[in-house]
Amino acid sequence: MSMRLADRLAAARRRRFVGRENERAMFRDALSSPELPFCLLHVFGPGGVGKTTLLKEFIAVCAELQVPSIYMDARNIEPSPEAFTGALRLFLGINPTDDPLEVIASRAHRHVILVDTGELLAPLSTWLREVFLPQLPDDTLIVFADRRPPSPAWYADPGWQDIIRILPLRNLSPHESRDYLAKRSIPMEHHAEVLNFTHGHPLALSLVADVFAQRGDIPFQPEATPDVVKALLEQLVQKVPGPAHRTALEVCALVRVTTEALLSHALDMPDVHELFDWLRGLSFIDAGLLGLFPHDLAREALTADLRWRNRDWYVELHRRVRTYYATCLEQTTGLEQQRILFDYVFLHRDNPVVRPFLEWQESGTMLPDALREADVPHILAMVEQHEGGESARIAAHWLERQPQGALIFRDGDQLPVGFLMVVALDRATEEDMALDPATQAAARYVQAHAPLRPGETAFLFRFWMASDTYQAVSPMQSLLFISAVRHYFTPGLVFSFFPCADADFWAPLFGYADLSRIPEVEFEVGGRRYGVFGHNWRAVPPAAWLNLLAEREIAATPQTAPSPPTSAPPLVVLSQPEFAAAMQDALRNLTRLDALQRNPLLQSKLVIERAGANAPAPKRVSTLQALVREACESLQQSPREAKLYRALYHTYLTPAATQEQAAELLDLPFSTFRRHLKEGVTRLVEILWQWELQGTST
């Protein structure tokens with residue numbers, strides 16, 4: 001007897017079926033039990049995750065166990081009681097006048113009813129729960145496949161709580177995904193690039209495999225296959241109500257977590273509550289403690305589609321989100337600032353330079369802790385395991401000398417699983433440097449190239465590692481890097497150094513992050529040579545650095561380092577007395593542009609940070625004038641210093657013809673006016689000096 005076409009199709013599907021071992025075992029065990037452990041199995045997951053395929057596999061299991069099964073696709077059923085019972089009659093093969101419930105009850109064997117695309121029967125939810133399903137024999141197993149979990153009404157009923165089983169369906173594991181790709185004859189060398197895009201999503205794996213079958217041995221690139229992305233989006237996003245909803249979805253795909261505040265800023269809308277609720281209701285959007293985030297494949301498909309379809313809009317959304325994060329960074333400190341930095345750096349995840357070096361698992365929400373006395377033996381054992389005894393002795397020295405520089409990441413038992421040791425070079429003594437060649441080399445470099453002034457510091461990220469993977473790419477390594485970035489915003493930071501055991505491996509990422517390799521600072525400990533990367537924060541302050549990274553993220557082609565500026569003025573590092581003298585000269589010539597063009601403050605960190613490294617002289621002059629005015633006006637905030645502001649205002653900002661006339665305008669004795677003016681200049685220089693060391697607030 002020849003095989004039916006349906007049998008041939010089923011056999012082909014089963015040959016390509018991979019994974020879902022736990023789900024199949026659970027279903028098989030339930031059918032094999034003398035009494036069903038549950039009567040309703042609710043399978044849910046986003047479109048394309050394999051719900052239909054799993055239901056077909058359940059049918060095969062039913063056939064093996066000789067349990068009758070009925071498969072119904074809700075796409076072919078009107079959401080009404082009459083249509084549903086009519087469809088059930090059809091699949092049971094009974095007369096239109098027969099009651100399907102009575103027919104099922106009259107048959108002396110277990111039944112399985114599988115309903116696919118169950119979300120289309122949402123209008124029938126109450127009828128199914130309260131009328132139809134309770135009339136079925138308790139030896140009948142109903143399987144619903146839906147995009148969403150059951151509504152709260154199912155959980156609220158104590159009766160259903162005992163006999164319902166919820167089965168969330170996730171993507172295939174990396175091992176299962178590779179097994180599937182092998183069955184589809186995808187060359188092994190392409191597996192990584194396919195998994196990076198699909199994240200184990202079954203439909204995506206199938207579509208990409210089809211691309212390889214059609215195009216041969218060609219590297220897979222999402223933007224080069226818009227048909228694949230389109231097919232995935234059609235599965236994931238069945239209907240978008242309007243343009244604002246589309247933009248909200250694009251923002252959610254771009255950022256790590258979406259909040260109403262971020263969404264409001266990105267859409268430039270004061271009230272986005274309804275849009276936020278709409279996002280939360282999508283099957284491929286999850287809600288976490290910090291906000292909403294899409295499933296990995298949905299994120300990949302949405303961003304790939306946006307970059308391919310409208311790159312200018314992608315760049316604009318990126319700018320809006322980046323501006324939101326930059327504002328938050330100015331308004332936060334501590335661990336909240338670190339979370340914002342994590343979100344900011346997440347914007348770079350799709351850059352081909354960055355992607356191989358950072359991992360974004362949920363462990364990204366882990367926060368560092370301060371050093372505890374009990375941590376020290378674990379940390380030293382970690383260092384000795386990966387770097388040897390000599391490095392462990394140096395680590396012990398720094399843990400004792402600068403314990404506040406140790407950031408500890410812990411596991412569930414509160415034991416250290418990773419740490420970062422930050423050494424402040426301005427607090428390192430000659431004894432420290434004699435013990436540690438890394439500190440000695442870094443301190444000498446700073447002294448030669450960027451001498452520290454009072455109130456300034458330089459950091460050496462002396463040790464960084466995960467307990468199990470050392471300095472290899474891992475979620476822990478990504479967290480350590482984010483913790484380092486947080487230190488870049490330390491007021492008065494002049495230089496930072498980052499040593500690596502495998503500097504050649506990390507060179508592309510550090511080049512992207514504008515950290516240059518510095519051969520003069522490389523060192524050797526325990527027979528191992530460490531490469532060192534560094535950044536001059538006077539030359540490129542944090543705000544300018546973030547803008548530089550933003551330009552690289554949205555660049556059409558990968559960038560690892562910028563073209564060297566051709567006209568940037570050399571940075572002038574002034575001592576405090578030199579700064580005060582230059583500022584007093586700037587006050588005397590505040591309205592004389594020709595005189596201000598010769599002021600050394602035009603090449604100070606204070607002005608360059610605000611105006612930009614390549615700003616022309618007129619721009620730097622106007623920036624210096626604006627800074628002086630801002631500092632003067634800040635005195636008005638204090639009633640005690642308002643009199644100083646008035647003296648400065650009538651002498652320098654809007655000067656009277658003489659100081660005697662300025663005193664008359666203020667109705668002050670000339671000696672009192674002169675005292676106020678002297679105190680005002682002193683206070684003004686103090687404010688601007690702090691801005692020079694620590695950066696301005698705008």
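Is Phe58 buried or exposed? Phe58 counts as buried, because its relative accessibility is 0% and the cut-off for a buried residue is under 20%. The structure discussed here is a predicted model.

## Helix H3

Phe58 belongs to helix H3, which covers residues 51-64. The helix has 14 residues, and at 1.5 Å a residue they should span 20 Å.

An α-helix has 3.6 residues a turn, so residues three or four places apart point the same way. After H3 comes Gln66, which has a positive phi near 60°.

## Aromatic pairs and rings

The structure holds 30 aromatic pairs. One of them joins Phe27 and Phe58. Their rings are stacked, with 4.0 Å from centre to centre and 10° between the planes. Phe27 lies in helix H2 (residues 21-32) and Phe58 in H3, so the pair ties together parts that are 31 residues apart in sequence. Phe27 also counts as buried, because its relative accessible area is 0%.

Elsewhere, one aromatic cluster is formed by Phe357, Phe461, Trp464, Phe481, Tyr488, Phe498, Phe505, Trp506, Phe510, Phe533, Trp537 and Trp545. Rings also meet charged groups. The charged end of Lys56 sits over the ring of Tyr71, 5.0 Å from its centre. For Arg307, the charged end sits over the ring of Tyr314, at 5.7 Å from the ring centre.

Strand E9 (residues 406-410) is mostly covered, with five of its five residues buried. Ala406, Ile408 and Arg410 point one way from the strand, while Leu407 and Phe409 point the other way. Residues on both sides are buried.

Which strands pair with E9? Strand E8 (residues 369-370) pairs with E9 in the antiparallel sense over two bridges, and in one of the bridged positions Ala370 has Leu407 as its partner. Strand E10 (residues 416-424) is also antiparallel to E9, joined to it by five bridges. There, Arg410 stands opposite Pro416. E9 and E10 form a hairpin with five residues between the strands, and in this hairpin Gln414 takes a positive phi near 70°.

## Cysteines

How many disulfides does the structure have? The count is zero. Cys328 counts as buried because its relative accessibility is 13%, under the 20% cut-off. Cys632 is buried too, with a relative accessible area of 0%.

Note on methods
Residues are numbered from 1 along each chain as its sequence is written. This is a predicted model: local features need pLDDT of at least 70, side-chain atom pairs count only at pLDDT 80 or more; totals for chains, interfaces and linings use all residues. Side-chain values use heavy atoms; hydrogens and water are left out. A disulfide is a pair of cysteine sulfur atoms within 2.5 Å. Buried means under 20% relative accessible area, exposed over 50%, partly exposed in between (1.4 Å probe, protein chains only). Helices (H or I, at least four residues) and strands (E, at least two) are DSSP runs, numbered from the N terminus. The expected span of a helix is 1.5 Å times one less than its number of residues. Two strands pair if DSSP finds at least two bridges between them. Rings of Phe, Tyr and Trp (its six-membered ring) pair if their centres lie within 6.5 Å; planes under 30 degrees apart count as stacked, over 60 as edge-to-face and the rest as tilted. A charge sits over a ring if NZ of Lys or CZ of Arg is within 6 Å of the ring centre and within 35 degrees of the ring normal.
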